[in-house]
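Work through the exercises below with the structure open beside you. Try each task before reading its solution.

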Amino acid sequence: MTRSEPADYNEANAQAWGMCMTDRYDFRVIEPKWQARWEAESTFRADDESDRPRYYVLEMFPYPSGAGLSVGHCKNYAPADAYCRYKSMKGFEVLHPMGWDAFGQPAENEAIKRRRHPREMVPEYAANYRRTLKLIGASYDWSREINSSEPEYYRWTQWFFLLLYKRGLAYRATAPINWCPTCKTGLANEEVKEGRCWRCDTPVTKRPLPQWYFRITAYAERLLAGIESLDWPTGIKLQQREWIGRSEGADVDFPIIGDPRKIRVFTTRPDTLWGATFMVLAPEHPLVNDLTTPEHRANVDDYIQRAMSATEIERMSVDRPKTGVFTGAYARNPVNGEAIPIWIADYVLMGYGTGAIMAVPAHDQRDFEFARKYGIPIELVYTMVGGPQDGDSMAQALPDGGYMRDFTPKPEALTPKSPFAGRANSVETVREVIAWLEEHGVGEGRVNYRLRDWLISRQRYWGAPIPIVHCPSCGEVPVPEGDLPVLLPDVDEYQPSGTGESPLATIPEFVNTPCPSCGQPARRETDTMGGFACSSWYFLRFADPHNSEAFADRAKIDAWLPVDMYTGGAEHAVMHLLYARFWTMGMHDAGLVGFDEPFPRLRSQGAMLAYTPGRAPRIDEQSDSDEDGDQIVDWIPLKPEEIATFPPDQIIWRWARMSKSKGNVVSPDAVVEKFGADSLRVFEMFVAPFEDNVRWNDEGVAGSLRFLQRLWRWMAPRIPQVRAEAPQTSSGAAETDADRAIRRKLHQTIRKVTDDIEGFRFNTAIAAIMELVNDLYLWSPTDVSGSHAERPANPGLLREIVTCLTLMVAPFAPHLADELWERLGHSGSTYRAAWPNWDPAIAADEEITIVVQVNGKLRDRLSVPPDTDDDHVKERALASAKVAEATAGKTVRKIVYVPGRLVNIVVG
RNA sequence: GCCCUGGUAGUCCAAUCGGCAGAGACAAGCGACUUAAAAUCGCUCCGGUGUGGGUUCGAAUCCCACCCAGGGCACCA
């Protein structure tokens, strides 16, 4: 947060330099100059024909909002850009593209709010983003810019829809879907967070609608297995694993008494079948209506009614007491022949497994609570020594463990004797029970996934129309490829209707079309695709963005993809990243691409936090949140217009993620104006590791500017000296100890910076350069004016230092580096210059410090050549006076020597 | 409730394999330069790693328990 001091550092600097105006670090001149040069020379254009090895760096493409780019976005863009520049200098042909995730609700909502059409608004906002990205010196190949809302792009989104459709991976079905009453559209499961819409926080309701789905569940196993090989943050891999939610168990069929049908349940614990004393169906289960007996009809209907009207939040609340009603029907437990009652309860979810469970109250806490409440018998399957021996004495379900009881079977039982009596409660027993069930034809092993199919339909205007025609005689007919794109009609009114119908449904010219198959009048599908469809393949388009014959040329895809380094926010851990993986697997199986993981390497940047004024919520603002004590809203950011009028003593300041909605966004424009783009870049990389959240502060950027000025002040006056000398004058010069030390430091720094950039550790890379600069001032002091920069005794060494330092700082402060590079007499940008190498022999320490400990406590230090042999080091350690003092009168019991590090003398 | 990440100086952060706790910066202070201030250059300050145990010659690092912060999941049978 900006504290105060609108000090103009650059002006102050100019004064300090007085007469030396031409040599001062003037970012206001340097930065526009190089940005113009890069643009004019197409420095960052990725050459498809290059014979260099390829490297593809991609940041998740943004939705260009009206608020513009913030310094928070730069937390990702600046380091990714530094990485690109580094890779280019390492000899790679780098593809670094940018585009706009322009379809979808954020753009549409903003357009509605501002009463402008998104078609004209999006390019304007995109232009502003592009301007800001250029302002911070980002090295994008703008000739590859794409916009997902343009027909030449979404034509291929539709093409992929049809591809998935033809491969049986897209289908239409009617089911109760997640519906956001505010956004007035259906949502995918991934877009519901804690029962609320991920965009607007509105509690989600259920609504039965015909919708399009992608059959992502068909790839559940591959999506899960593929995670293993990915170089991604462990947290994101874990989230994907949990979202897919694999569990092993069995399907078991329970015959209904007095009905020929059976109820199928999924269970992970088929070994507890002997304790299943009732069954529970989800209220939406299709058999409920048929099973309910007349005397229970009213109760059941009433319960279903209430369950359907509850919001997801109410229904999913864990702490809520279990409720349910008896249907009047009974099923037979297939293993022991008992007749068990069939209930319905809303703690059973229609969307998971079969929507029906066998309830084993003795071994499942939820079933236990339910059984206790409704007086249903509790039958132990496993018992433990010292544990409860019958259901009546239990206070809660039994934890895992114990051994299986023997049971007295009924005549209807599957086998006359209980076959597993005495078996341990273990996964082996579960496995054997499954085999036994299969043998007797009452169940089969099954793997179940939590993942559900991806709901892609949106009842919104601003998206790619789903390319399907509904014909009264032919049914669903895909639009022929030659007729793509199905253009989104240009209309004035496109507000979401809220009826469950897309706004497109009200446009007869769009809806009415002849059937592509039979030519009879038919209706177009009016739903559009959610924005995640566009972002599931955009990384391919960048390889060949202007292709009008195909989504991209295969040879170019093979050359550039998969993406070598992908960066973006962790909020897309399960949405975009899972969808894009699925889509890629679909394409791979269709033979369109040669890989099935699009992003082998991923890094997630931390958020930029701003110090944000807020207030306590009013009573009425808490109402929808806190029934169960969670989800309490305790802080609401103040709108910019409220701050002036709000009582200052009631303002609560907090660090909050920068976002347009909180009104706490710091724009790069102001920062660049005041400190320069290079300072902003250096600050964002230096302040913390890439993955960490950062609290924005101007002081830090000022510090980065000071560092760049310091570096410049040392370098600039020496460049003329370097240029004046012939390149090869170093050989004869005698090397002093100080010269050798600084050269060693230089090579150690190159090594450190190289390793750190490879490992995405930009903060420590910059710290290493700072260290080198500090050492340079000690080696060869410079005063304020630069006039006292002495003529070096060893011009070759000076040339080496100046050259390597310029190149090393280039990824972080490219404008400054290119300016120095030019002054050094080179033409062109550092972007195509070679990254410096280090010489291990020069970087090697001449002397190393060995720490001498006595009983683990530091007592002395020895300085020895690195190749000194072990015994000699130990001898010298024992010879130390300080050691003698510490060991006086004690016996040496042991000497631990860690080569090159320490000697620990254990005495007692 | 469960899972994951992380707690190091007044602040942000380093410490690569279990081996000197401090690289770098911010802030503060002092000195030099200056008529003065700013800027600059140099120097200085402070902590023993959230808490309590354990393993080890040796723990910021490994193990156990707890506390705090951030994130994820949450009736998934």
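The model is predicted.

**Exercise 1. Which residues have the most contacts inside the largest nonpolar core?**

Step 1. Take the core as a whole. The largest nonpolar core holds 194 residues.
Step 2. F161 and F812 have the most contacts inside it.
Step 3. Ask which domains contribute. Domain 1 (157–218 + 453–531) and domain 4 (686–843) each give this core at least three residues.
Step 4. Setting aside neighbours within four places in sequence, F161 contacts A170, W212, F214, I456, I466, P467, I468 and M529.
Step 5. Turn to the other core. It lies apart from the largest one and has 57 residues, including V252, I342, A356 and A359.
Step 6. Recall the background. In soluble globular proteins, nonpolar side chains tend to be buried together.

**Exercise 2. Describe the protein surface around RNA strand B.**

Step 1. Count the residues. RNA strand B is surrounded by 53 residues, and the closest are Y352, R366, M770, E771 and N904.
Step 2. Sort them by type. The surface divides into 22 nonpolar, 13 polar and 18 charged residues.
Step 3. Find the main contributor. Helix α25 gives the largest share, seven residues. Other elements that supply at least two residues each include α8 (234–244), β11 (262–267) and β35 (902–907).
Step 4. Switch to the RNA side.
Step 5. Inspect individual atom pairs. A polar side-chain atom of K193 is 3.4 Å from a phosphate oxygen of RNA strand B. Y347 uses a polar backbone atom, 3.0 Å from a sugar or linking oxygen of RNA strand B.

**Exercise 3. How far apart are the C-alpha atoms of T764 and D367?**

Step 1. Locate T764. It is in helix α25.
Step 2. T764 is partly exposed, because its relative accessible area is 28%.
Step 3. Note its contacts. Beyond four places in sequence, T764 contacts K752 and D756.
Step 4. Read off the separation. The C-alpha atoms of T764 and D367 are 54 Å apart, and the two residues are 397 places apart along the chain.

**Exercise 4. Compare the backbone at R115 and F760.**

Step 1. Start from the general rule. Most residues other than glycine have a negative phi.
Step 2. Read the angles. Phi is near 55 degrees at R115 and near 60 degrees at F760.
Step 3. Place the residues. R115 is in the loop between α4 (105–114) and α5 (118–135). F760 is in the loop between α24 (737–758) and α25.
Step 4. R115 is exposed, at 77% relative accessibility. F760 is buried, at 2%.

Definitions and conventions. Residues numbered from 1 in each chain as written. Chains lettered and ligands numbered in written order. Predicted model: local features only at pLDDT ≥ 70, side-chain atom pairs only at ≥ 80, totals over all residues. Heavy atoms only, no water. Core = buried A, V, L, I, M, F, W, Y, C linked by side-chain atoms within 4.5 Å. Buried < 20%, exposed > 50% of the residue type's maximum accessible area, 1.4 Å probe, protein only. Domains from an automatic or database assignment. Contact = heavy atoms within 4.5 Å. Near = heavy atom within 4 Å. Polar contact = N/O pair within 3.5 Å; in protein donor to acceptor, adjacent residues only side chain to side chain. Helix = DSSP H or I, 4+ residues; strand = E, 2+ residues; numbered from the N terminus. Nonpolar A, V, L, I, M, F, W, Y, C, P; charged D, E, K, R; others polar.
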